[in-house]
Amino acid sequence: MAVVIILIYIVRLMSLQLFTSDYKTGADSNAFFKKIQYPARGLIYDRDSTLMVYNESAYNIMVVMEEQHGIDTLDFCNTIGITKQDYINRMAQIKDPRLNPGYSRYTPQMFIDRIPADQYAVFQEKLYKFKGFYAEQRTVRKYSTTVGAHVLGDVGEVSRSDIEKDEYYRQGDYIGKLGIESYYEKDLRGQKGVQILLRDVRGRIKGSYQNGRYDKAAVPGNNLYLSLDQDLQSLGEKLLKGKIGTIVAIEPATGEVLCLVSSPSYDPHMLIGADRSQNYAKLASDPHKPLYNRAIMGQYPPGSTFKTSQGLTFLQEGVVTPTTSYPCYRGFLLGRFRLGCHGHASPVQLRFAIQTSCNAYFCWGFYHMINKRRYGSVYAAFTKWKDYMVSMGFGYKLGIDLPGEKRGFIPNSDYYDKWYGHNHWNGQTIISDAIGQGEVLLTPLQIANLCATIANRGYYYTPHVVRKIEGHDIDTSFTRRHYTMVDKKYYDLVAEGMRAAVLGGTCRGGAIPGIDLCGKTGTAQNHGRDHSIFMGFAPMNNPKIAVSVYVENGGFGATFGVPIGSLIVEQYLNGQLSPSSETKANTISQHTISYGTNSR
């Protein structure tokens, strides 16, 4: 019996010493105080190195529950400006495992986060009275601008899933939630440090452990330099005031995004400080969805901007030549089937078809390609067509360095087989695809990228909003050319057609003195008023900017798309607007479009 009892004691001692960490944790907590040193989050600059996002000191009040006892609760509450009930509620929340998973009475817990420096100063004077409480220095994000909220994003407290995904975080830490704050979180956040302090038997701090030999300094986050032009971004947001839509401008030679506007937007200051949660809920419940980044998430019919991709495909496949002519009798006529078009001269060749945005030309080209016997079947012909579309950046995410990008939609042959039945559809059945209607959907970013590809005469770079990361290069995926399946010579012809559209076609209202703007309008049918679309680049040779504009329910492409796109190009290339253009910009900004509550 005595032997059994001795064995039980031995097993229990081994369990306590080798397998149970509770006593070790308690002992370590009594002897050491590990104070986390939080790094400064990386700063964010625009393309001209103008500071956009910076840090301001704030302080978290932390509590170690094992040590917190015997304080004057009323004095504590008065010092930090809360009620006694607030104190009771917060203590209960800290101990609740549902709200605070991983709670330990030995480790610091968040009591109040991010109090301002002036309030901290009052608390610091009385800190010696409040055993178990201490303050840790943190930072809060501040903005020198009110524009670019969808690109910049915001920072908020980590969720339970954030902690589970990355052991770097603990309860009360902050993480990028939206925009580049989220995409570049690991660059911006830096690395935490730790200061190990020695405590006496009464828990009082006696100084650094071994003179700081085991301390670890915090490493600040990397600064980011954006490709955004703040003046251009500001103008874009002004022009879309009172409207639902987007503007995306890209530098064709690099893929750098010059402006990315989604309207309605919001002031980034709304998502910092104590009112963040309340303001986020307000924005999230807005029926016009100001948090929704339409530039990369909106999936729209591209309308007639899509005709450029069709002309390029037909040329490369030999369906047409530069001199091929098709008739247009105010539309595409095939038997009893008719798809309408506006009035212009007929027959039509490709250059003139782009200039006048002729529906019939592109319907005929599409019909002949899909029904062409050389492919063996309609299924194979349409598969070939889709291959061209994918090579141009459609149907899949482009890979911009922002979270939430959508892929748009390019149907495939299986899709139509499922919809109509195998061998029960042909080029006429799906003819609307030829003019950017039907099932075809693109994001505004993809439309801008199409324009940049034409500007480059056949290749594009993955669009990106960060042009430089302090400390290392940007990802090589942003510096690699992506070539389409179409030869350069055919892009030259399409560019000529887009230039003709500005000189004397559907884009003539966007002409800019001294600038060779090339453009293409689009008008996408909608359940209500049509969407107004434009894409353009300039100069025609050695282009510096490619832009897409999409205004929901804006009417014809020439109504809003063309003038807005023209103003964006003029501002960027000239550095300012002319007096007459400034007047035009003010007029557009004052025009509000009425929307229901079911906007995209």
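**Entry 1: a covered helix**

I began with helix H13 (residues 307-317), which is mostly covered, as 10 of its 11 residues are buried. The buried ones I noted are Lys307, Thr308, Ser309, Gln310, Gly311, Leu312, Thr313, Phe314, Leu315 and Glu317. Just past the end of H13, I found Gly318 with a positive phi of about 75°. A reminder to myself: this is a predicted model.

**Entry 2: the cores**

Next I asked which residues have the most contacts inside the largest nonpolar core. They are Ile180 and Trp385, in a core of 96 residues. Helix H15 (residues 359-370) gives the most to this core, with nine residues. I then listed what Trp385 touches, leaving out residues up to four places away in sequence: Phe306, Gln310, Thr313, Phe366, Met369, Ile370, Ile410, Pro411 and Val440. Two of these names, Gln310 and Thr313, were already on my list of buried residues in H13. There is also a second, separate core of 34 residues, and it includes Val261, Phe534, Leu567 and Ala585. As background, nonpolar side chains tend to be buried together in soluble globular proteins.

**Entry 3: the open sheet**

I traced an open sheet of five strands, in the order E12-E11-E20-E19-E18, with antiparallel pairing. Why do E12 and E18 each have one side left without a neighbour? Strand E12 (256-263) and strand E18 (518-524) stand at the edges with a single partner strand each, so one side of each has no neighbour in the sheet. On average, neighbouring strands here are turned by 5° against each other, direction ignored.

I looked at one pairing in detail: strand E19 (residues 531-538) and strand E20 (residues 545-551) are antiparallel over seven bridges. Within E20, Ser548 is the bridge partner of Met535.

Two helices pack on this sheet in my notes. Helix H10 (residues 230-239) touches strand E11 (245-251), E12 and E20, and its direction makes about 25° with that of E12. Helix H20 (residues 561-574) touches E11, E12, E18, E19 and E20, with its direction at about 150° to that of E20.

**Entry 4: two helix pairs**

The axes of helix H16 (residues 378-391) and helix H17 (residues 413-420) come within 9 Å and cross at roughly 135°. That makes H16 oblique to H17. On the H16 side, Tyr379, Phe382 and Thr383 meet Ser413, Asp414, Tyr416 and Asp417 of H17. By class, I have three nonpolar, two polar and two charged residues in this contact.

The second pair is helix H18 (residues 444-455) and helix H19 (residues 488-504), whose axes come within 9 Å and cross at roughly 115°. H18 is therefore roughly perpendicular to H19. Cys451, Thr453 and Ile454 of H18 make the contact with Tyr491, Val494, Ala495 and Met498 of H19. These divide into six nonpolar, one polar and no charged residues.

**Entry 5: prolines in loops**

I looked up Pro108 in the loop between helix H4 (84-95) and strand E4 (109-115). Is Pro108 buried or exposed? At 17% relative accessibility it counts as buried, because the cut-off is under 20%. Leaving aside neighbours within four places in sequence, Pro108 is in contact with Phe33, Met62, Val63, Val64, Tyr134 and Arg170. Met62 is 46 residues away from Pro108 in sequence, yet their C-alpha atoms are 5.9 Å apart.

I also noted two cis peptide bonds. One runs from Ser263 to Pro264, with omega near 5°, and Pro264 sits in the loop between E12 and helix H11 (276-285). The other runs from Ala538 to Pro539, with omega near -15°, and Pro539 is in the loop between E19 and E20.

Arg330 has a positive phi near 55° and lies in the loop between H13 and strand E13 (331-334). Asn553 also has a positive phi, near 55°, and lies in the loop between E20 and H20. Arg330 is exposed, with a relative accessible area of 52%, whereas Asn553 is buried at 16%.

Methods:
Residues numbered from 1 in each chain as written. Predicted model: local features only at pLDDT ≥ 70, side-chain atom pairs only at ≥ 80, totals over all residues. Heavy atoms only, no water. Pairing = 2+ DSSP bridges. Helix = DSSP H or I, 4+ residues; strand = E, 2+ residues; numbered from the N terminus. Axes fitted to C-alpha atoms, helices over the stretch in contact; angles between N-to-C directions. Contact = heavy atoms within 4.5 Å. Buried < 20%, exposed > 50% of the residue type's maximum accessible area, 1.4 Å probe, protein only. Parallel < 35°, antiparallel > 145°, perpendicular 65-115°, else oblique. Nonpolar A, V, L, I, M, F, W, Y, C, P; charged D, E, K, R; others polar. Core = buried A, V, L, I, M, F, W, Y, C linked by side-chain atoms within 4.5 Å.
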